Amino acid sequence: QVQVVESGGGLVQAGGSLRLSCAASGIILSVDNMGWYRQAPGKQRELVADITSGGITNYLESVKGRFTISRGNAKSTVYLQMNSLKPEDTAVYSCRLYARTWSGRRDYWGQGTQVTVST
């Protein structure tokens, strides 16, 4: 009964910033990894950034230097600070949780939040 919920998406002008938040709820025994993915119209879903329980981060090459992923005080909370946004960043951003619950170690996904960057 784990739920993953994203927030913080919206419409922003090119060059602006947004901060996405992701929070997981339910009975979570441990969190191994959390990350952000995005899917633009007509394109496949791609990994934007993720972070392990040890704090190791990984970024899509095109967002390096502009986006920053971080963990919250709660282990099941993650943020994505997006700066210098470009129109090509427009997509639905989804949060992924890889964690151990009573049902085993598996992936859990949020429903996504829309990010639109205008010129």
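# Contacts and strands in a predicted model

User: What is the relative accessible area of K64?

Analyst: K64 is partly exposed, a class that lies between buried (under 20% relative accessible area) and exposed (over 50%), with a 1.4 Å probe and protein chains only. For K64, the relative accessible area is 47%.

User: Which atoms do the side-chain values use?

Analyst: This is a predicted model, in which local features need pLDDT of at least 70, side-chain atom pairs count only at pLDDT 80 or more, and totals for chains, interfaces and linings use all residues.

User: With which residue does E61 form a salt bridge?

Analyst: A salt bridge is a side-chain nitrogen of Lys or Arg within 4 Å of a carboxyl oxygen of Asp or Glu. E61 is exposed, at 57% relative accessible area. Its closest N and O atoms in the salt bridge are 3.0 Å apart, and the partner is K64.

User: Is R38 buried or exposed?

Analyst: R38 lies in strand β4, residues 30-39; a strand is a DSSP run of E with at least two residues, numbered from the N terminus. The relative accessibility of R38 is 6%, so R38 counts as buried.

User: Which side chain makes a polar contact of 3.0 Å with that of R38?

Analyst: A polar contact is a pair of N or O atoms within 3.5 Å; within protein, one must be able to donate a hydrogen and the other to accept it, and residues adjacent in sequence count only if both atoms are side-chain atoms. A polar contact of 2.9 Å joins R38 to the side chain of Y93. The contact of 3.0 Å is made with D89.

User: How many bridges join β4 to β9?

Analyst: Strand β9 spans residues 91-101, and eight of its eleven residues are buried. Two strands pair if DSSP finds at least two bridges between them. M34 has L97 as its bridge partner in β9. The strands β4 and β9 run antiparallel, and the number of bridges is nine.

User: What is the hand of the disulfide formed by C22 and C95?

Analyst: A disulfide is a pair of cysteine sulfur atoms within 2.5 Å, and those of C22 and C95 are 2.0 Å apart. C22 lies in strand β3 (residues 18-25) and C95 in strand β9, so the pair ties together parts 73 residues apart in sequence. Both cysteines, C22 and C95, are buried. The torsion about the S-S bond is about -85 degrees, so the disulfide is left-handed.

Technical notes. Residues numbered from 1 in each chain as written. Heavy atoms only, no water. Helix = DSSP H or I, 4+ residues; strand = E, 2+ residues; numbered from the N terminus.
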